[in-house]
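The exercises below ask you to read a chain residue by residue, and each one is followed by a solution in steps. Please try each task on the display before turning to its solution.

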Amino acid sequence: MAIIDIATDASASALLSPPSGNVGGAAATTKAVVFFWAEWHAPSSPKGVFDTVFCTLASQQQGDGSDEVKFYRVLAEECPEVSSKYNVNAVPTFLFLQPDGSILDRIDGGEDVARVTQSFAKLASASSAVVTTESSPSAATTSEQQSPLNNNATDNATNTALTTRLQSLITSSPIMLFLKGTPTSPKCGFSRQAVELLTSCNLSFGYFNILEDEDVRQGLKKYSDWPTYPQLYVRGELAGGLDIMKEMAEDEGGLVSGLGLEKLPKQ
């Protein structure tokens, strides 16, 4: 999804008066991420760490061929009306908006870059379904067309067990990398690069080889709403994939600072 830049209140009508509660007049299934920045604030200005993460998320959405989430980048001090509407008092500020314009999550200032990724994953996985009224099933509906209660119970138990297992894996180490292969024998270039980024910082991390467990491989994609590997988790929270790791590594302070890893153990 292309980023929509807003530099004046005059160009911000979509954010000031979204028709029927929808940002930009988008369809009822369209969510939005709104990023308020300032030229004097290096981390949120172009090429800064927050801008980099924002652009990476937008490009990944575009690469997926999805238009479910719109991305707005607002120059906060040049758009006082928009900033006032959303009570923006610091930069960066991120708003994660539901299709009806309500705020699912927000980040006001701070240096927690990883939280942007986490909040976006939360927004992307939130239901956009519109409640509709359907007619009652015909009496001719066969029993085979109906889901047996015992099957539902079995499916729910299986999903609960998998979720519990994923949560246990994610929190098994302060830094946890899910990759293809192992750190000493990665099975794809992306996984190899992720390992190199972590080891170059002398960070101790746990890992899980997703090639050895298809349930974890597919389940974690849904759990985190992150479709690709490797995936990096810090203190039980999704930090992102290789693109975000690389961008943070190139920023001032490097990967350790970008992910708030200063106090975690070194190798």
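**Exercise 1. The nonpolar cores**

How many residues does the largest nonpolar core have, and which residues have the most contacts inside it?

Solution. The model is a predicted one, and its largest nonpolar core has 55 residues. Those with the most contacts inside this core are V33, F94, F178, L198, L232 and L259. Apart from this core lies another, of 17 residues, which includes L15, V34, A76 and V88.

To look at one of the residues named for the largest core, take F178 and leave aside its neighbours within four places in sequence; the residues in contact with F178 are then L169, I170, F208, I210, V216, L220, Y229, P230, Q231 and Y233.

For the chain as a whole, 44% of the 267 residues count as buried, and the chain has nine helices and 11 strands. Among contacts between residues at least 6 apart in sequence, 67% join residues at least 24 apart.

**Exercise 2. Packing of two helices**

Describe how α6 and α8 pack, giving the angle, the distance between the axes, the handedness of the crossing and the residues that meet.

Solution. Two packed helices are described by the angle between their axes and the distance between the axes. Helix α6 covers residues 189–200 and helix α8 covers residues 242–250; the angle at which they pack is about 35°, and their axes are 10 Å apart. The crossing of α6 and α8 is left-handed.

The next step is the contact itself, where F190, Q193, A194, L197 and L198 of α6 meet L242, M245, K246 and A249 of α8. By class, the residues of this contact divide into seven nonpolar, one polar and one charged.

**Exercise 3. The buried side of α8**

Which residues of α8 are buried, and why do they lie on the same side of the helix?

Solution. The buried residues in α8 are L242, I244, M245 and M248. Because they cover an arc of only 165° around the axis, they lie on the same side of α8.

**Exercise 4. Loop residues and their partners in space**

For R235, G101 and K187, what separates the C-alpha atoms from those of S172, T30 and L211, respectively?

Solution. The C-alpha atoms of R235 and S172 are separated by 9.1 Å, although the two residues are 63 residues apart along the chain.

G101 has its place in the loop between β4 (93–97) and β5 (103–108), and at 22% relative accessibility it counts as partly exposed. G101 and T30 are 71 residues apart in sequence and 9.7 Å apart in space, C-alpha to C-alpha.

K187 lies in the loop between β8 (185–186) and α6 and counts as exposed, at 56% relative accessibility. The C-alpha atoms of K187 and L211, 24 residues apart along the chain, are separated by 8.9 Å. With neighbours within four places in sequence left aside, K187 is in contact with K180, G181 and L211.

How values were computed: Residues numbered from 1 in each chain as written. Predicted model: local features only at pLDDT ≥ 70, side-chain atom pairs only at ≥ 80, totals over all residues. Heavy atoms only, no water. Axes fitted to C-alpha atoms, helices over the stretch in contact; angles between N-to-C directions. Helix = DSSP H or I, 4+ residues; strand = E, 2+ residues; numbered from the N terminus. Left-handed = near helix turned anticlockwise from the far one by under 90°. Contact = heavy atoms within 4.5 Å. Nonpolar A, V, L, I, M, F, W, Y, C, P; charged D, E, K, R; others polar. Buried < 20%, exposed > 50% of the residue type's maximum accessible area, 1.4 Å probe, protein only. Arc of directions from axis to C-beta. Core = buried A, V, L, I, M, F, W, Y, C linked by side-chain atoms within 4.5 Å.
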